[in-house]
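Please look through the sequence and the model shown below before reading on.

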Amino acid sequence: NTLKTQHFDLIIYDESHRLQSVKDGKIKRNAGCRTLLFSATPKETIYPTIFSYNYSNGIRDGFLKPFQINMMNVCTDVNIGVVRFITENGLNRILTFHSKVNGKTHFEVNGYVRSSISLLESKGYTVYKIDGKTSEEQRKTIVAKFNDPGCAEKMIISSCRVLTEGIDTKLCDGILMLNTTKNYTIIAQILGRGSRTFRDSN
């Protein structure tokens, strides 16, 4: 209620692609108030773009890593196929993304982790699961270990709808999307979790 009576000179929206009102041009603001929108996956809006920094610029300036997209056709056991892909490509820090936590197939988080963990552990990988029930403290601990260059552990983090935004995993060398989607924003946000480069502050 207090905010409704306040006048603002500037309103800044981060992750503005999540605002339907941005696309519709219906952001409510005080008369004379300026609005600034930030997004890595901007939607088409009526608002003018005043600055743009694309992925190739990020690669050129050393902030982002180039990436390669592979499609994996698995005719038999999806877990064997995934493990083979990970080991044959020498991946050490992997993120797997799923659309559901529970389900009847190996493509959901629990089914994937349950059915593949023995295969992955036999190859020297530790598997962590993050979903809506994982506490904020546990998430931070897992991600911190994942980002620690001094940790020799080979790690896989399997998640459902909780790591698509706001987290940088600078040592990530592989991302697996185990559920298909045609949503460009989701795909771009997932790829962004592993696109940042690691810069040693020392």
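On the face of helix H5 turned away from its buried side sit Glu137 and Lys140, which are exposed; here exposed stands for over 50% relative accessible area, buried for under 20%, and partly exposed for what lies in between, with a 1.4 Å probe and protein chains only. The buried residues of H5, which spans residues 136-146, are Ile142, Val143 and Phe146. Because these cover an arc of only 95° around the axis, they lie on the same side of H5, the arc being that of the directions from the helix axis to the C-beta atoms. The buried residues of H5 pack against strand S3 (93-98), strand S4 (125-130) and S5.

This is a predicted model, in which local features need pLDDT of at least 70 and side-chain atom pairs count only at pLDDT 80 or more, while totals for chains, interfaces and linings use all residues. Residues are numbered from 1 along each chain as its sequence is written, and side-chain values use heavy atoms, with hydrogens and water left out.

Strand S5 covers residues 154-160 and includes Ser158. Ser158 is buried, with a relative accessible area of 0%, and its side chain makes a polar contact with the side chain of Thr96 at 2.7 Å. A polar contact is a pair of N or O atoms within 3.5 Å; within protein, one must be able to donate a hydrogen and the other to accept it, and residues adjacent in sequence count only if both atoms are side-chain atoms.

The elements named above can be listed with their residue ranges.

| Element | Residues |
|---|---|
| Strand S3 | residues 93-98 |
| Strand S4 | residues 125-130 |
| Helix H5 | residues 136-146 |
| Strand S5 | residues 154-160 |

Helix H3 (residues 78-88) has several buried residues, among them Val82, Val83 and Ile86, and H3 is followed by Gly90, whose phi is positive, near 65°.

Tyr53 lies in the loop between strand S2 (34-37) and helix H2 (55-60), and it counts as partly exposed at 38% relative accessibility.

The protein chain as a whole has six helices and six strands, where helices (H or I, at least four residues) and strands (E, at least two) are DSSP runs numbered from the N terminus. Read along the sequence, the elements follow the pattern β-α-β-α-α-β-α-β-α-β-β-α. Of the 202 residues of the protein chain, 31% count as buried.

Technical notes: Contact means heavy atoms within 4.5 Å.
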